[in-house]
Amino acid sequence: MSSATTGDRIWYAVLFHLTRQESLTIEGLRDEMENPPARQTIYRRLESMVDLGVVEKEPGEGSAPSVYRDPNAEKRPRTGKEKPQVNYPLYVHNVGGREPDGSPTYIGPWTFSTKMVRDVVEEWIEGRVLNACAGKTELEHDAEIVRNDINPEMDADLNLDVTELGEHFEEESFDSVVFDPPFDQSQAKEHYSMHDTQRGPARRLLMRLVRPGGVFIECGWNDHGPALGYAEDWYREACHRYRRGPSYQPMFLTVDRRRTVFG
Ligand SMILES: C[S@@+](CC[C@H](N)C(=O)[O-])C[C@H]1O[C@@H](n2cnc3c(N)ncnc32)[C@H](O)[C@@H]1O
């Protein structure tokens, strides 16, 4: 930090606090700095972060100092190294019974044709979406969805193997990526007459297409996803578990978010 300007030092200190301590006051920040700049300078910087929506401000009452908080602090582990992350919501859905309107429901090969699943995916996707193994089901969304499926019989924009998508698109060019490949080898053969794909390597390639702050939605027989194991710059926003009756294993839908420099 020796060649850093005062402005750089302020940002560094602010980010340091917000990624580790969740909240700060101007006084607390000045106490930590070797050569603190004017209080007013720190104030202006923090207020501009509030305007950008990066931090939230809780004005102090009377002579108490205002507290600036990281709105995402609760969603992530403190150091990024602690595992497993367990502070995300788990939603449990019962399929194999009936939808609230009485219609029968089960999870078949076209996962998102099940309303209980489709509703969740449509709720989470945002901005420009890549549906990497799009299958048959169309998702409703108010922005662009790029549909890819290796099977040319599917109504898709692209018919690439999912592992080729990383080369086809610019890194960080999607706000959301949806990854619903065949769940296992036998499913791949039985229902899609296509080869299974290697889920882990494919996931790692797809993760790079998500912009910082964007989401990765994945379906499968377990709750693996970007936030479990591969990278520290992801955290889990939610996990949905779909019970399929007493004799069948449940299906999982995970929602992981890529961190920004602000956490
Ligand atoms: C579980 S289905 C997707 C269902 C889809 N979400 C829906 O609701 O219709 C898996 C899809 O992945 C496609 N697929 C299989 N292997 C693939 C690969 N290597 N690259 C891209 N797509 C693949 C299959 O053709 C199939 O349509």
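Colleague: What share of the contacts in the chain with a separation of 6 or more comes from residues 24 or more positions apart?

Modeller: They account for 56% of those contacts. Two residues are in contact if their C-beta atoms, placed from the backbone, lie within 7 Å. Before we go on, this is a predicted model, so local features need pLDDT of at least 70 and side-chain atom pairs count only at pLDDT 80 or more, while totals for chains, interfaces and linings use all residues. Residues are numbered from 1 along each chain as its sequence is written.

Colleague: How many helices and strands does the chain have?

Modeller: There are seven helices and 10 strands. Both are DSSP runs numbered from the N terminus: helices are H or I with at least four residues, strands are E with at least two.

Colleague: Why is G127 called partly exposed?

Modeller: A residue is buried if 20 or more other C-beta atoms lie within 10 Å of its own, exposed if 12 or fewer, and partly exposed in between, with C-beta atoms placed from the backbone. G127 has 15 C-beta neighbours inside 10 Å, so it counts as partly exposed. You will find G127 in the loop between α4 and β5. Not counting residues up to four places away in sequence, G127 touches A143, D175 and S176. V215 is 88 residues from G127 in sequence, and their C-alpha atoms are 10.0 Å apart in space.

Colleague: What percentage of the chain do buried residues make up?

Modeller: Of the 263 residues, 29% are buried.

Colleague: What makes a group of residues a nonpolar core?

Modeller: The term stands for a set of buried Ala, Val, Leu, Ile, Met, Phe, Trp, Tyr and Cys residues joined through C-beta atoms within 7 Å. The largest one here has 31 residues, and those with the most contacts inside it are A132, V177, V178, F179, L206 and I217. Two or more residues each come from α4 (115-124), β5 (129-131), β7 (174-179), α7 (199-207), β8 (210-220) and β10 (251-258). The largest share, five residues, is from β8. Another core, of 12 residues, lies apart from it and includes I10, L18, L29 and M49.

Colleague: Which residues does A132 contact, leaving aside its neighbours within four places in sequence?

Modeller: A132 is in contact with N148, V162, L165, V177, V178, F179 and L206. In soluble globular proteins, nonpolar side chains tend to be buried together.

Colleague: How do you know that β8 and β10 pair?

Modeller: Two strands pair if DSSP finds at least two bridges between them. β8 and β10 have six bridges, in the antiparallel sense, so they meet that cut-off. Within this pair, E218 stands opposite T254, and F216 has D256 as its bridge partner.

Colleague: What is the order of the seven strands in the open sheet?

Modeller: The order is β4-β9-β10-β8-β7-β5-β6, and the pairing is mixed. Its edge strands are β4 and β6 (145-147), each pairing on one side only.

Colleague: Why is β10 called largely enclosed?

Modeller: Seven of its eight residues are buried, so the rest of the structure largely encloses β10.

Colleague: What is the order in the sheet of three strands?

Modeller: That open sheet runs β1-β3-β2 with antiparallel pairing. β1 (23-24) and β2 (56-58) are its edge strands. Three bridges join β2 to β3 (residues 67-69), where R69 is the bridge partner of E56.

Colleague: What puts the buried residues of α3 on the same side?

Modeller: The buried residues I42, L46 and M49 cover an arc of only 50° around the axis, which puts them on the same side of α3. The arc is that of the directions from the helix axis to the C-beta atoms. On the other side, Q40, R44, S48 and D51 are exposed. Just after α3, G53 takes a positive phi of about 80°.
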